[in-house]
Amino acid sequence: MQPATETSFDSYVRLIKVLMPNLQGVAVHNRVPMRIWASADWDVADQDAIAEDAIAQARADSSDYPAVMYTLDSGRAVYAFAVRGERIALLGVVTIAVTLSGIRLEARPLEYVRKLVQPALECLRRELSLRSELGSRERDLGVRERDFALMFDISSNSAPGAGDADEFDRILKTAMEHTGCALAALWVPDKKISKCATRSGQPMVPGVLKLAEQHLLAWIQLQQRTITINRIANVTTQDAAPYKILACPVRHRSERVMGVLALFNPPSAADFDAHKALIAELLAKRATGVIQAHYDPGTGLMTRQALEHQAQILLACGGDLDAHSILYLDIDRLHVINETFGMHVGDDVIASVAEVLSQSLPSDALCARISGDRLAALMPNTNLAAASAHAERIRSTAAAITPRAGQGSFDVSVSIGIAPLANSDNPLAHALATAEIACKAAKDRGRNRIETFQDSDQSIIRRHTDVLVIGKLRSALGDDSFRLDAQPILPLRGNCGRPRFELLLRMLGDRGEIIPPGKFLSAADRYQLMPTIDRWVVRRACALLGERGAALGDDTLRFAINLSGQSLQDESFSDFVHAQIEGNRTPPRLLCFELTETAAIGNLKKAQAFIERLQKIGCQFALDDFGTGVSSLAYLKDLAVNYLKIDGSFVRDAIDNSRSESMIKAIAQLAKIMCMETIAEYVETDALRARMADLGVDYGQGFAMGKAQRFEDLLQELAIFEATVSPTTAAGSPAVAARR
Ligand code: C2E
Ligand code: CA
Ligand code: CA
């Protein structure tokens with residue numbers, strides 16, 4: 001086995017095992033190559049030859065971990081990684097063997113495995129380099145154990161989340177705990193990261209800190225490596241800091257140095273040694289990881305998630321919410337640039353606008369890329385007027401962006417919406433939504449302009465109401481906060497059979513209050529939620545009628561369901577209705593569907609197919625709001641509906657408007673010729689009721705015949721209902737009491 005003086009690499013094996021569960025064993029060779037360590041069950045026969053191959057590979061390949069891979073007969077694969085130290089000197093070879101079994105009979109590609117085990121290789125690299133620096137001198141075991149705890153922590157958190165305490169603060173705190181330094185700072189100017197923590201909790205003098213920041217950043221840019229200063233010359237000048245300093249570069253993915261993690265100690269403290277440097281480097285890497293996860297690589301701005309996280313921290317500090325403003329920016333017509341000049345040109349434009357955004361705002365502004373070409377900034381302690389001034393500067397600077405040479409010729413402009421933060425469950429999301437609405441208004445009003453969210457702006461209000469309503473609607477759809485009411489439709493002349501009903505949807509508010517469809521359907525329509533709503537209604541109606549279908553008797557009694565144009569467009573909707581009818585054993589003869597004239601004519605072919613399919617199984621159809629569309633009569637022959645529902649606007653003024661009166665008469669006659677029946681809506685008074693009967697209309701619906709009541713209640717009490725609207729009463733005065 002390995003020489004007794006060498007301590008175990010077991011901790012690394014544990015780490016690799018976490019990364020690669022099918023790990024079988026690990027061997028470590030020095031640069032000779034001679035094996036210096038192997039895990040307990042290591043038995044790879046050609047290990048030295050493999051290590052030599054890895055070293056040969058390293059001569060040809062200057063990357064960090066040049067590697068070779070072999071599949072062994074024994075159902076295993078080995079991966080050997082040459083490990084380099086600073087200045088590309090070879091330190092040794094780490095060989096890992098994995099078992100290929102079960103679902104994984106083929107070896108993973110080398111590159112894949114390299115990425116997978118890289119965190120462990122990084123640790124091993126440090127270890128091997130320390131060993132070569134320190135010779136065979138044994139290091140304190142306790143310190144090593146702590147290192148591993150830290151390394152484990154770092155590698156197991158390799159996907160930094162934005163959820164917990166500020167990651168950068170955690171990095172600084174870890175640095176102080178693990179190196180014993182008095183002060184830790186992280187400066188990444190690109191990302192507007194400037195953080196500092198002291199062991200004592202006492203803040204540092206800002207001026208001194210600023211100086212240190214400038215010096216160290218310049219220095220680290222020059223040196224591109226970790227710098228340790230333990231001996232301080234007799235300090236006479238004002239700008240030389242009387243501290244021991246350990247500074248590590250924070251690198252971009254491209255290896256470019258973008259910042260520095262700096263640790264400080266007073267002259268009396270112990271020196272910063274190689275071990276502390278290792279910890280600091282690991283933490284600087286961690287900072288890079290956090291930055292990568294929190295910043296959009298295309299623009300360098302924060303991700304939306306990171307913005308939310310930072311905003312949370314900011315808002316947790318208290319103070320007036322409306323002291324802060326949010327700015328929402330959308331690049332005008334970027335799709336045209338993308339389509340004409342290519343996505344790469346579009347990406348460049350986004351990056352340039354992002355730069356304009358971050359350069360134009362004060363350093364405490366939090367700038368983020370929300371998605372695609374939408375950017376946003378949270379401006380702390382900036383009122384709407386000041387925010388507008390910033391926005392104007394951004395707008396005019398962005399308008400001056402010119403395409404790079406060779407990219408073609410186009411203009412760049414942006415539309416910006418501004419809104420204040422306001423009290424709500426989630427102030428940032430709410431403000432982003434309002435600022436987005438203002439931005440949309442800016443687009444509507446001609447683009448390349450700024451709009452501020454104002455409570456009095458009608459178009460903004462409508463959109464804002466939509467946003468609020470849609471939120472409520474989505475949650476109502478999620479937790480079934482709807483109910484169906486049923487309003488009677490009664491024969492107007494003599495006894496033409498049993499009553500009919502129209503099912504009308506109501507949304508239930510937070511406190512159980514009833515919200516009528518007029519309050520949410522137009523927003524649902526704009527946000528394409530109608531198909532979901534219609535499906536809810538069909539599902540509920542079919543379920544209730546399926547349960548009670550048998551008890552409802554055989555002769556006609558119909559329940560009308562309103563459908564939207566959006567559902568007619570949806571190819572799968574007719575299958576859905578079918579499945580609901582079958583699944584719930586709903587007698588199809590109980591169902592009637594109301595389509596508005598506009599929806600049916602707008603989707604004529606689909607409407608025809610839908611009507612035909614459901615009529616075949618016994619459902620009926622009504623054309624709703626009839627008479628309001630311009631070309632109603634012309635299209636009537638193409639739509640095989642059973643009923644025409646004469647729009648309430650004609651019915652209402654049929655008594656004193658002779659035009660309306662003759663219109664109703666004409667519709668009633670036309671319907672007869674086409675073998676359709678007519679229903680008058682909004683029959684609000686007895687006089688109207690009598691009038692409609694005179695004009696030849698078959699059915700009436702309206703407050704004079706009865707208001708809507710809960711559908712479930714109606715089904716329960718249908719027998720009583722029918723008794724109260726017996727033919728004699730139906731022809732006479734209204735007998736159906738309104739019920740809520
Ligand atoms: P609609 O289909 O024309 O429904 C008739 C509307 O007139 C109902 O309003 C009803 O309560 C109201 N109404 C009935 N009789 C009278 C009356 O005598 N006087 C007056 N002033 N109004 C009367 P509601 O329930 O608010 O529904 C409004 C609209 O919302 C409906 O107009 C329909 O287009 C839509 N809607 C309602 N429920 C649904 C549904 O389940 N699905 C879909 N897609 N749309 C629905
Ligand atoms: Ca209707
Ligand atoms: Ca109607």
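Select Q487: an N or O atom in its side chain is 3.0 Å from a nitrogen atom of ligand 1. That is a polar contact, a pair of N or O atoms within 3.5 Å. This is a predicted model, where local features need pLDDT of at least 70 and side-chain atom pairs count only at pLDDT 80 or more. Residues are numbered from 1 along each chain, and ligands from 1 in the order in which they are written.

Next, select N562. An N or O atom of its side chain is 3.2 Å from an oxygen atom of ligand 1. Then pick R652, with a side-chain N or O atom 3.2 Å from a nitrogen atom of the ligand. Taken alone, ligand 1 exposes 790 Å², and the protein buries 82% of that (Shrake-Rupley method, 1.4 Å probe).

Now colour β18 (500–508). This strand (a DSSP run of E, at least two residues) gives the most to the shell around ligand 1, with four residues.

Move to the calcium ion (ligand 3). D624, D625 and E681 coordinate ligand 3 at 1.9 to 3.0 Å. Donors here are N, O and S atoms within 3.2 Å of Ca; water is not among the atoms, so sites may look incomplete. Select D624 and E681 together. D624 lies in strand β22 (620–626) and E681 in the loop between β24 and α23, so the pair ties together parts 57 residues apart in sequence.

Are these two buried or exposed? D624 is buried, at 7% relative accessibility, and E681 is buried at 8%. Buried means under 20% relative accessible area (1.4 Å probe, protein chains only).

Last stop: ligand 2. D624 bridges this calcium ion and ligand 3, which lie 4.2 Å apart.

Key:
Heavy atoms only, no water. Donors = N, O, S within 2.8 Å, 3.2 Å for Na, K, Ca; no water. Buried < 20%, exposed > 50% of the residue type's maximum accessible area, 1.4 Å probe, protein only. Polar contact = N/O pair within 3.5 Å; in protein donor to acceptor, adjacent residues only side chain to side chain.
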